[in-house]
Amino acid sequence: MRFVRQLDQTDCGPACLSMVASHYKRNYTLGFLRDQSYITRDGVSVSGLREAAGKIGFNVITCQLDPASLKQREGLFPCILHWQQNHFVVLTGIKESRGSKKIRYRVADPALGPITINDEAFRRSWLSGSEEGIAIFLHLQDDLPVVKSSDHKEITFKSVLHYLLPFKRQLGVMMLMLALGSIINFAFPFLMQQMIDKGVAQKNLDLITMLLLAQVSLYTGSMVIEIIRNWLILHIGSKISISIISNFLKKLLQLPLKFFDSKMMGDFNQRIKDNEKIEVFLTSQSPVIFFSVITFSVFFIVLWYYNFTILSVYLLLTVVAVSWTMLWMSKRKLLSHQRFQNRSHNQELVSEILNGVAEIKLNNLEDYKRSQWEKIQLLLYNINKRLLKFDQFQLSGFEFINQIKNILITFLAAYYTIKGEITLGQLLSISYIVGQMNSPINQLVLFLRSLQDARLSLERLNEVENQPVEPEGIVTNLREGGFSLNNVTFRYGGPTSANALKDVSIRIPAGKVTAIVGASGSGKTTLMKLLLRFYEPTNGQISLNNTGIDKISQKHLWANCGVVMQDGMIFSDSIERNIATSDEDICVKRLQQASDIANISSYINTLPLKYRTKIGVAGNGLSGGQKQRILIARAVYKDPDFIFFDEATSALDAENEKIIHNNLQRFFKDKTVVIIAHRLSTVKHADQIIVLKHGRVVEQGNHQELAGMKNEYYNLVKNQLELGN
């Protein structure tokens with residue numbers, strides 16, 4: 001069975017399914033299985049895993065078992081276990097020692113790697129205090145064809161080398177600097193040999209002085225070369241880092257909104273930081289190791305020329321030292337993955353604490369949130385401690401073998417000098433050469449560690465790079481036609497999940513105002529998101545101007561929409577930029593008009609910098625009503641063909657709402673408007689009102705018609721108007 005590591009906090013289920021599939025010689029990418037299992041930010045459910053397994057040809061049996069019953073089904077392993085009530089692992093085997101009768105469980109944990117745990121730890125994690133735990137057994141259906149995974153393009157180091165192409169000239173200079181440095185280092189042992197054998201032995205002070213001055217000159221040149229090389233590395237590294245992260249963000253912003261529903265912000269932040277490891281590998285380690293190999297090869301030939309026996313001893317102990325280093329690389333890789341997961345969780349929690357400090361204080365959550373953070377720090381501390389332990393074993397062992405090697409070679413060189421096989425100058429040259437050859441070996445170890453870090457970063461980069469971007473779609477005239485929904489059904493999860501909308505068939509006419517009302521959770525916002533193409537319907541068809549909305553370019557559709565969502569974003573920028581958003585040249589007239597319609601201009605004019613006043617992330621310093629008015633002004637400034645308001649005035653007082661409502665009536669003329677609201681004052685003048693209940697359309701008409709029916713709509717608004725009498 002091939003081990004598959006989860007790349008994000010929520011990937012454990014698909015990773016487990018990929019491992020079990022590999023046991024049956026079926027290989028599926030993590031991204032493909034994630035799409036099949038209806039994953040969310042909370043992860044994947046047992047039913048989601050069942051659905052995904054069924055789609056790729058497995059019969060699935062889900063059981064609740066005690067450990068004894070699980071052991072009796074060992075022939076059905078590997079199986080997936082629900083772990084610690086929020087995780088999935090693969091159980092690959094159970095082993096009972098003959099003497100002590102102790103039971104050990106072999107578990108493949110997508111977050112931790114393959115581990116073996118005792119019976120107590122297994123029961124604690126699988127049963128979580130219950131008598132039975134959940135196990136998922138998979139059996140491949142032989143008569144079903146192999147389901148092909150979506151195309152998976154591997155990102156290799158060759159494919160990221162194009163980041164270096166714009167810096168060919170600078171890289172050429174850096175290579176020249178490294179070559180000159182290697183030549184200078186190559187000259188030192190011969191200068192030393194000549195100084196001892198011809199200068200000291202023959203008591204030639206002039207020659208000694210000349211050779212020492214030559215060494216000073218070469219050393220000065222080496223320093224200058226190092227300074228130039230460091231500046232070049234800084235320049236190229238910074239530019240490459242910007243390019244890598246910019247391309248990552250570009251790709252990220254091309255992905256469908258559905259992709260972000262299953263991701264945590266900490267995962268994205270950690271990925272961006274992770275890309276720095278690729279930059280370090282490309283700019284710092286790769287060029288250096290190239291010339292380190294050349295330097296090693298040159299000194300290898302020189303040492304061979306001096307004494308083959310010394311060279312053989314050096315090579316043997318060098319192979320032992322490098323092998324010792326490689327022995328610890330796999331364990332270090334495992335801990336690096338764990339650190340990534342915990343750092344991601346840490347960033348998520350810190351962001352939550354800082355953004356929700358008011359709610360935390362109001363609800364006395366300070367100690368609880370701090371204790372959560374401390375637990376993560378403890379996990380990170382333990383991981384860093386284990387990493388340090390491995391690094392110390394790795395590096396200390398490497399250094400110890402190196403020192404033994406140096407002492408042994410010094411002994412051999414001294415022995416051959418006493419025997420008269422080499423001169424004293426050659427002895428000192430050999431000592432210098434060995435020291436210079438040790439440097440490339442040390443750099444090789446650093447290179448291998450940097451390569452491992454960069455590979456891990458490439459894995460995570462690859463996961464985003466392989467995601468399909470938003471489809472292009474067609475650009476067509478959207479103004480004349482309205483929306484038409486035909487038997488539209490939608491659910492957020494898999495087939496066993498509840499429907500958010502069910503068999504919705506309505507028409508939203510062009511140039512009219514349509515209000516959508518209903519109790520909380522009735523599907524109002526979901527319906528709006530389907531109209532905006534945030535999601536595709538599970539069943540049914542949505543058309544716009546007699547064209548399937550799935551065929552229309554999302555970018556073109558959104559460019560013609562002014563949208564105010566319940567959780568609309570206020571950016572950390574000036575007020576004018578928050579209203580005008582993407583316009584490079586802001587139209588002052590439209591800006592003023594939009595502010596007047598949203599009834600926010602009088603407030604803005606009281607500020608010292610007026611429209612240039614900077615407001616913080618999420619609108620720090622603004623009231624809820626002010627945020628909503630800026631969001632309304634943003635939608636109005638676009639002057640779009642379609643307007644979508646989701647509780648756009650819920651935070652406003654009655655007076656401001658009335659003023660804005662009256663202003664908007666003129667602006668709504670000849671525009672297709674969809675409004676979601678609870679307040680009667682917002683919807684009663686709509687041309688059409690659609691009433692949703694439990695995801696179904698139960699009533700449709702205008703205010704007078706629906707109020708006269710005294711049914712669902714009447715019940716929704718009777719507390720706002722005294723209709724009963």
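Contact is taken here to mean heavy atoms within 4.5 Å. The structure is a predicted model, in which local features need pLDDT of at least 70 and side-chain atom pairs count only at pLDDT 80 or more, while totals for chains, interfaces and linings use all residues. Residues are numbered from 1 along each chain as its sequence is written, and side-chain values use heavy atoms, with hydrogens and water left out.

Ser574 is buried, its relative accessible area being 11%, where buried means under 20%, exposed over 50% and partly exposed in between (1.4 Å probe, protein chains only). Once neighbours within four places in sequence are set aside, the contacts of Ser574 are Tyr611, Arg612, Thr613 and Lys614.

Helix α5 (residues 119-127) buries Ala121, Phe122, Ser125, Trp126 and Leu127. In general, an α-helix has 3.6 residues a turn, so residues three or four places apart point the same way. At the start of α5, a side-chain oxygen of Asn118 comes to within 3.3 Å of the backbone nitrogen of Glu120. After α5 comes Ser128, with a positive phi near 50 degrees.

Some backbone details in the loops also deserve a look. Asn545 is partly exposed, at a relative accessible area of 21%, whereas Asn546 is exposed, at 77%. Elsewhere, the peptide bond from Phe77 to Pro78 is cis, with omega near 0 degrees, and Pro78 belongs to the loop between α4 (67-72) and β2 (79-83).

Attention now turns to empty space. Rolling a probe the size of a water molecule over the atoms shows where such space is left. On a 1 Å grid over the protein atoms alone, a cavity is a set of points where a 1.4 Å probe fits but cannot get out, a pocket is an open set with protein on both sides within 12 Å along at least five of seven lines, and lining residues have an atom within 4 Å of a point. Grid points are joined across faces, edges and corners, and a volume is the space filled by probe spheres set on the points.

The structure holds 3 cavities of 30 Å³ or more, and the largest cavity has a volume of about 120 Å³. Its lining has 13 residues, with Phe645, Thr649, Leu664, Ile675 and Thr682 closest to the centre. Helix α22 (654-667) and strand β16 (672-676) each give at least two residues to this lining, and the largest share, 5 residues, is that of α22. By class, the lining of the largest cavity has 7 nonpolar, 4 polar and 2 charged residues; Ala, Val, Leu, Ile, Met, Phe, Trp, Tyr, Cys and Pro count as nonpolar, Asp, Glu, Lys and Arg as charged, and the others, Gly among them, as polar.

The second largest pocket has a volume of about 920 Å³. Among its 29 lining residues, Asp35, Tyr38, Lys258, Phe259 and Tyr535 lie nearest the centre.

Definitions and conventions:
Helix = DSSP H or I, 4+ residues; strand = E, 2+ residues; numbered from the N terminus. Polar contact = N/O pair within 3.5 Å; in protein donor to acceptor, adjacent residues only side chain to side chain.
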